[in-house]
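Visitor: Hi! Could you walk me through this structure while I look at it on screen?
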Amino acid sequence: MTFDEVYRYDKDADTVMRMFADRGYFEKKYEETTISYEVLEHSSEGDRFHIRCKLSMPMNAPVPGFAKKFLGETMSVVQQDTWNTAARTGELKVEMQGAPIDISAKMELKQGASGAENHVHWNIHCKIPLVGGKIEKLIADDIRAKSPADLEVSNRILADY
């Protein structure tokens, strides 16, 4: 399953890119948006930024009985964000602990009319026969449900940049 979203920020693309390439931003954001987090890897060299974190977070979309076995009420994931800060392009990879599900996204940060826009092309693939498509939709719904709060927190943090 694929879908696209555009996240709009209150400041220009250069400022938002500076925030996206700062470990402190991720720590502040995860402090507010997850149950717990741990930074597993982090590097920033030249135009390349990389951070990999282990996150525990609640599911925001309702989880029907058939999916609870695979998803549960909370998710434990490892998320990796990688950015080319000069090109303003990035990749996001999410590993769901204990579930045969691949989540990734290509990101492109652009300057919009009134601030930066992060254009995100999501790709979700579940390898569970018969129910895989339904689980992909649940995960997409959960991403969409989390997006407004995540964006609100990011814009609040952005005020410090």
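This is a predicted model: local features need pLDDT of at least 70, side-chain atom pairs count only at pLDDT 80 or more; totals for chains, interfaces and linings use all residues.

Visitor: Good to know. What is the strand order in the open sheet?

Guide: The seven strands run β1-β7-β6-β5-β4-β3-β2, and the pairing is antiparallel. β1 (2–8) and β2 (36–45) are at the edges with a single partner strand each, so one side of each has no neighbour in the sheet. On average, neighbouring strands are turned by 15° against each other, ignoring direction.

Visitor: And which strands does helix α2 touch?

Guide: Helix α2 (residues 23–33) packs on the sheet against β2, β3 (48–58) and β4, and its direction makes about 10° with that of β3.

Visitor: What about α4, which strands does that one touch?

Guide: α4 also packs on the sheet, where it touches β1, β3, β4, β5, β6 (101–111) and β7 (116–126). The angle between the directions of α4 and β1 is about 5°.

Visitor: Switching to the core: how many residues are in the largest nonpolar one?

Guide: That core has 43 residues, and F20, I101, I103 and W122 have the most contacts inside it. Helix α4 (residues 132–158) gives the largest share, eight residues.

Visitor: What does W122 touch?

Guide: Leaving aside residues up to four places away in sequence, W122 touches several residues, including M1, F3, Y7, L92, I103 and I143.

Visitor: Now T82. Is that one buried or exposed?

Guide: T82 is buried, because its relative accessible area is 17%, under the 20% limit. The residue lies in strand β4 (residues 74–84).

Visitor: Which side chain does the T82 side chain make a polar contact with?

Guide: The partner is the side chain of H50, at 3.4 Å. Across the sheet, T82 has E91 in β5 as its bridge partner.

Visitor: How many bridges join β4 to β5?

Guide: Eight, and the two strands run antiparallel, with β5 covering residues 89–96.

Key: Residues are numbered from 1 along each chain as its sequence is written. Side-chain values use heavy atoms; hydrogens and water are left out. A nonpolar core is a set of buried Ala, Val, Leu, Ile, Met, Phe, Trp, Tyr and Cys residues joined through side-chain atoms within 4.5 Å. Buried means under 20% relative accessible area, exposed over 50%, partly exposed in between (1.4 Å probe, protein chains only). Helices (H or I, at least four residues) and strands (E, at least two) are DSSP runs, numbered from the N terminus. Contact means heavy atoms within 4.5 Å. A polar contact is a pair of N or O atoms within 3.5 Å; within protein, one must be able to donate a hydrogen and the other to accept it, and residues adjacent in sequence count only if both atoms are side-chain atoms. Two strands pair if DSSP finds at least two bridges between them. Axes are lines fitted to C-alpha atoms, for helices over the stretch in contact, and angles run from 0 to 180 degrees between N-to-C directions.
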